[in-house]
Amino acid sequence: MDAQAVLELAPDSQVASSATRLAGAAGWAGLGRTAQVLWGSCPGSGKNPYRVCVDLGDRATKCSCPSRKFPCKHAVAVQLLHARGEVAVEEAVPDWVSEWVAKRHAVAVPADTSPEAVERRARAKEKTAHKREEAVRGGVLALRDWLSDLAGSGIAGLPGRDAAWWHSITARMVDAQAKGLATAIGELHAIVAAGGPQWAVDAADRLGGLHLLARLSETAEGPLSDVVRARLGFSVTEEQARSAPAWSDHWVALLRLETEDGPLRTVQQWIWARDRAEWVVGVKHSGTGAKPPPLLPHGSEVTGTLHPYPGVPPRRVAAGELVGKRPADAIPVPATWRDALAGLEPALRADPWQRLHPLGCAAVRASADVRFLVDAGRRGLPVRGDVALDRALAVTGGEPFDAWGVWDGHGLRLGAVAEPGKAPEVVA
């Protein structure tokens, strides 16, 4: 990785700036690397220097500093030194580095494969699944009571509720192993806490979604059942998805969104399947604080297979076999925002809890105040003012352009643009 790629691993600009200064400072000691791991010691505020090491395979890091950011400035700095060629290869690896690597790559003891052991594990797994079902069912009943009480008192009093009140219902959902419900309540709390002129409308929308989810938790069938279970918090592993038949296509990873929740960092990609003429979604997580690599090379057209998860379009996909990569060709795009929004109806009917949607429109211009993208019919859609929009305006020079972004119901987060009818160029 070059220095720029290393800096992109930083969780924010402050860490990147601090790491750049640290990489140029004196005092680094015990620097070394092998083909697999990189390490060093850096003076800190305490008596002992901070010890930092990096797995060069997946860029996972470990540092003895107290920072809550992942990777910390020391971990980014030592990688900068490595990128500049300032870290020599060492044959002797320090014990503290070897211990960390050994823990990360420890091989589990082979499981007992006797028929009795296999049957015992199957029974235990079935028992655990049944307990989880019962726990979630109890959580849904508690949620219904909570929603009923809230309907009686009204939402006007929500801003006056203290943290303990919110924590109580969230903790109840966590105890019930209904992580999806706990997350949804956390999002509702964030909307109320943020305030603003639209908070009541947005809060009512989220409460309606929770009520619908609670009602359908016992009655949903077919594909909707998969959606409801996912929203409650039941997950499908990547291994399960990869066991399903793969889809072969030409894939264009066009839109991307990166989020973080403590050390958990997530990269979502909306990928256009050219032959299937539909969007799919790739999701990668990292619990080490390092930025996870995207599922597909972003902005390129890739030939190969991906494995769909259960659910409804846009389907989440797992990596399959990729056999070729080239610059992307042109992608079809609706003529107006009205057509684009109307095209979301099937997805909203299939999964009414979905908040983020890929959306595109042909030949748009920015409004005079740069708050909207206006289509050929002179209808505007709100657009987020950020670096991606600045890049788009710089690339297109004020001329009409095809636009693609992620729509959350309030504004468009621009991700790619193109000269009308031409191949897209990623701007975010």
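## Terms and basis

Buried means under 20% relative accessible area, exposed over 50%, and partly exposed in between (1.4 Å probe, protein chains only). Helices (H or I, at least four residues) and strands (E, at least two) are DSSP runs numbered from the N terminus.

This is a predicted model, in which local features need pLDDT of at least 70 and side-chain atom pairs count only at pLDDT 80 or more, while totals for chains, interfaces and linings use all residues. Residues are numbered from 1 along each chain as its sequence is written, and side-chain values use heavy atoms, with hydrogens and water left out.

## Overall dimensions and surface

The protein chain has 13 helices and 15 strands. Its C-alpha trace spans about 65 × 65 × 50 Å along the principal axes. Of the 428 residues in the protein chain, 38% are buried. A contact is defined by heavy atoms within 4.5 Å; among contacts between residues at least 6 apart in sequence, 59% join residues at least 24 apart.

The accessible surface of the protein chain (Shrake-Rupley method, 1.4 Å probe) comes to about 22,900 Å², and carbon and sulfur atoms account for 53% of this area. The chain carries 50 positive and 49 negative charges, whose mean positions are 3 Å apart. Lys and Arg count as positive and Asp and Glu as negative, with His and the chain ends not counted; the place of a charge is NZ of Lys, CZ of Arg, CG of Asp or CD of Glu.

Helix α3 covers residues 73-83, and eight of its 11 residues are buried, so the helix is largely enclosed by the rest of the structure. The buried residues are His-74, Ala-75, Val-76, Ala-77, Val-78, Gln-79, Leu-80 and Leu-81. Their cover includes helices α1 (3-7) and α2 (13-23), together with strands β1, β2, β3 (50-55) and β4 (61-63). Gly-85, with a positive phi near 80°, follows α3.

Two of the covering strands, β1 (residues 29-33) and β2 (residues 37-42), are antiparallel and share three bridges; strands count as paired if DSSP finds at least two bridges between them. A hairpin of three residues connects β1 to β2, and Arg-33 is opposite Leu-38 in β2. In helix α2 lies Ser-17, which is partly exposed at a relative accessible area of 36%.

## The five-stranded barrel

Strands β5-β6-β7-β9-β8 form a closed barrel with mixed pairing. Neighbouring strands there are turned by 50° against each other on average, direction ignored. Axes are lines fitted to C-alpha atoms, for helices over the stretch in contact, and angles run from 0 to 180 degrees between N-to-C directions.

Trp-270 stands opposite Val-281 in β7.

## The six-stranded open sheet

An open sheet of six strands with antiparallel pairing has the order β12-β11-β10-β13-β14-β15. Its edges are β12 (380-382) and β15 (425-426), each with a single partner strand, so one side of each has no neighbour in the sheet. Helix α13 (residues 387-396) packs on this sheet, touching β10, β11, β13 (401-407), β14 (412-418) and β15, and its direction makes about 25° with that of β14.

Antiparallel strands β10 (residues 357-366) and β11 (residues 372-374) are joined by two bridges. Here Arg-365 is opposite Val-374 in β11.
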